[in-house]
Amino acid sequence: MLGAALQVTCSRMCDNLREFMGVDGCSALLDRAIKRTEDRHPVWREIRRRDRDGVHLDGIAASVELHGIAAVSAAVSALLAALFDVLARLIGEDLALRLMELEAPPTDTGGGEPAS
Amino acid sequence: MTNMHSIIRNLPTGVAGLDAVLGGGLCEYSFNLVAGAPGSGKTTLVQQMMFANATPDRRALYFTVLGEPTVKMMRYQQQFSFFDAAKVPAVMRFVNLSKEAASGQLGAVLDRIVGEVTKTEPAFVAVDSFRTIGGGIPTGDDDESRILVAEFVQRLAQQLTSWEVTSFLLGEYAEHERRHPVFTVADSILWLSEDVERNSAVRKLRVMKVRGRAPMPGLHTFRITGDGMQVFPRIPEQHRERVARTGRRLQTGVPGLDEVMGGGIPEGDVVMLTGPAGSGKTTFATQFVAQGLSQMETCVVAVFEEFPEAYLARAKTVPIDFSEMIAADRLAVIYLRPLDLSVDEMLAEIFASVRRIGATRVVIDSLSGFEIALAPTFRIDFRESLYRLVGALTATGVTVLMTAEVIEGFPEGRFTTERVSFVTDDILVQRYVEIAGHLRKVLAVVKMRGSEHATDFRSYELTSSGAVMGESLGAYHGITSGIPTLAPLVEDG
């Protein structure tokens, strides 16, 4: 259950980043953040998957079964911190926080009635 | 039967000066093209407009395509004061389309845009850069890709209009590419350019087309500062309502000068005071300002040749404290020394001050400095620039005193490479003459429209408390030669 929650968290964040940075931009950012954390959190070498659509972190749930929730949670925390650090230095902490926010982009139309 | 027609709402652009140029603002639900070379300010302009208009109820979608990485764009754009990070991403959302654009499939790009628009229901959409979609611009009329792009633009415009979106397409287009389908479909086209001449670069904006509006014609200069873009519209004189003349005479503040000028300066006149270096032009102008202030008028002084601090220090010769007057909003000293100035930028600065304090007297010290401050491209049209400047100022009813340094001798009365006296109502000329081995300063009124004035040369002195007019030099011959001689007395009988 916790593994699934971590998976959703990371996937949403990646979706958000991919949305505004594009596949290449998001992959470059993930690659750099993983490189900074994988020495202390080698699970990223197993979790990270790369295909023509860039870097994916869709092996988190499976990794929990192999390495335990503590190790994977620590790895995810370290990755988020590294991502934030890199992004904040590029665009500032305020914007980095907003763009990494873990909620999905708005999909409802409740607050967005078009002007007549 | 009532004539029912749709009413197009104007949206403010959030860019100072641009609403006037567009004929009232942006047309709601319009499909706008912002074109120009790389670095011309397209992204800044569109983001400024979108941040100004986007709200939680009227969200904005900003699509980035191939080109500047989004992170870098954000890094730089957030330096502008209009960039409101609190609006990102809930109100202003950035979506990257590079994957779809790189595929070369216009259908994929359109599907993604429409999908995001359907999902978000934004009020504003930008595509930056539109030029990169579809791998560039088709070249020939019969080119198959041209038809594809035309179809894509048409479908995009229809989709965005149906969703009641005000949209902006940004593109790096050159003049010869104006046959691109987007130019046909766009409701308005804003063209940004840069004039480079010698060491000068001046940014210009031209509204090439606005459907349903009458935009201001011509090229309008703009600047990009930390607050974003500011446009300086050309202000044709005929578009301004002129203030009626009162017939009142304004005192100059220079003892003896009012008498020489037939009772003072007619209110609303444009006065040109010319003279060589050191002749006291600024002193005269300072006394003109001080006199106005002493009579509860308000004044604007535009200085080009010195810093305001230096100007205020020199103004200590007059009995009124200019610094106190500034603090009381009865005097504004505008420093307009930056190079590459446009006449419209100067006008905007002066008008803003005139309106802010309700000025009745304006001093421009000096025209020579103004000409140098102008970008070379405007110096070529200095007469036209000055004509517009003076016309716009006098239409407001203010009385204008301009100083100008004379390089050549009196008979020509030239102070620039162009003759500009046609814009003035009154011309005062100062010059040096040698009398009995002494250098003396003299002044003459060359011209006063519709007014009697003295025709003789008068000497004047620059004292510790300012300029003071002296005796008439009517007894001398050859003053214009610079070395006058005392005329022999003609005895009666």
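Mentor: What follows takes the confidence, the two chains and a few contacts in turn.

Trainee: What sort of model is this, and how are things numbered?
Mentor: This is a predicted model, in which local features need pLDDT of at least 70 and side-chain atom pairs count only at pLDDT 80 or more, while totals for chains, interfaces and linings use all residues. Residues are numbered from 1 along each chain as its sequence is written, and chains are lettered from A and ligands numbered from 1 in the order in which they are written.

Trainee: What are the ipTM and pTM of the model?
Mentor: The ipTM is 0.73 and the pTM is 0.77.

Trainee: Where in chain B is confidence lowest, and where is it highest?
Mentor: Confidence in chain B is lowest in helix H14 (residues 376-379), with a mean of 75, and highest in helix H2 (residues 42-53), at 97.

Trainee: How many helices and strands are there in chain B?
Mentor: Chain B has 15 helices and 24 strands, where helices (H or I, at least four residues) and strands (E, at least two) are DSSP runs numbered from the N terminus. Its radius of gyration, taken over C-alpha atoms, is 29 Å, well over the 23 Å that the globule rule (2.2 Å times the number of residues to the power 0.38) gives for 493 residues, so chain B is more spread out than a compact globule. The C-alpha trace of chain B spans about 105 × 55 × 45 Å along its principal axes.

Trainee: And how much of chain B is buried?
Mentor: Of the 493 residues in chain B, 44% are buried, meaning that 20 or more other C-beta atoms, placed from the backbone, lie within 10 Å of the residue's own, whereas 12 or fewer make a residue exposed and anything in between partly exposed.

Trainee: Is B:Ile320 in a helix or a loop?
Mentor: B:Ile320 lies in the loop between helix H10 (308-314) and helix H11 (322-327) of chain B, and B:Ile320 counts as partly exposed because 19 other C-beta atoms lie within 10 Å. Setting aside neighbours within four places in sequence, B:Ile320 is in contact (C-beta atoms, placed from the backbone, within 7 Å) with B:Ala290, B:Leu293, B:Ser294 and B:Met325.

Trainee: Switching to chain A, what pattern does it follow along the sequence?
Mentor: Chain A reads α-α-β-β-α-α-α along the sequence, with 5 helices and 2 strands, and 33% of its 116 residues count as buried.

Trainee: At what angle do H1(A) and H3(A) pack?
Mentor: Helix H1 (residues 2-37) of chain A and helix H3 (residues 60-67) of chain A pack at about 145 degrees, with their axes 8 Å apart; axes are lines fitted to C-alpha atoms, for helices over the stretch in contact, and angles run from 0 to 180 degrees between N-to-C directions. On the H1(A) side A:Leu2, A:Gly3, A:Ala4, A:Leu6, A:Gln7 and A:Cys10 meet A:Ile60, A:Ala61 and A:Val64 in H3(A).

Trainee: Last one: how many residues of each chain are in contact?
Mentor: In the model, 25 residues of chain B are in contact with 23 residues of chain A. On the chain B side, helix H3 (70-77), strand E5 (92-96), helix H4 (98-102) and helix H5 (106-120) each supply at least two residues.

Technical notes. Contact = placed C-beta atoms within 7 Å. pLDDT = per-residue confidence, 0-100.
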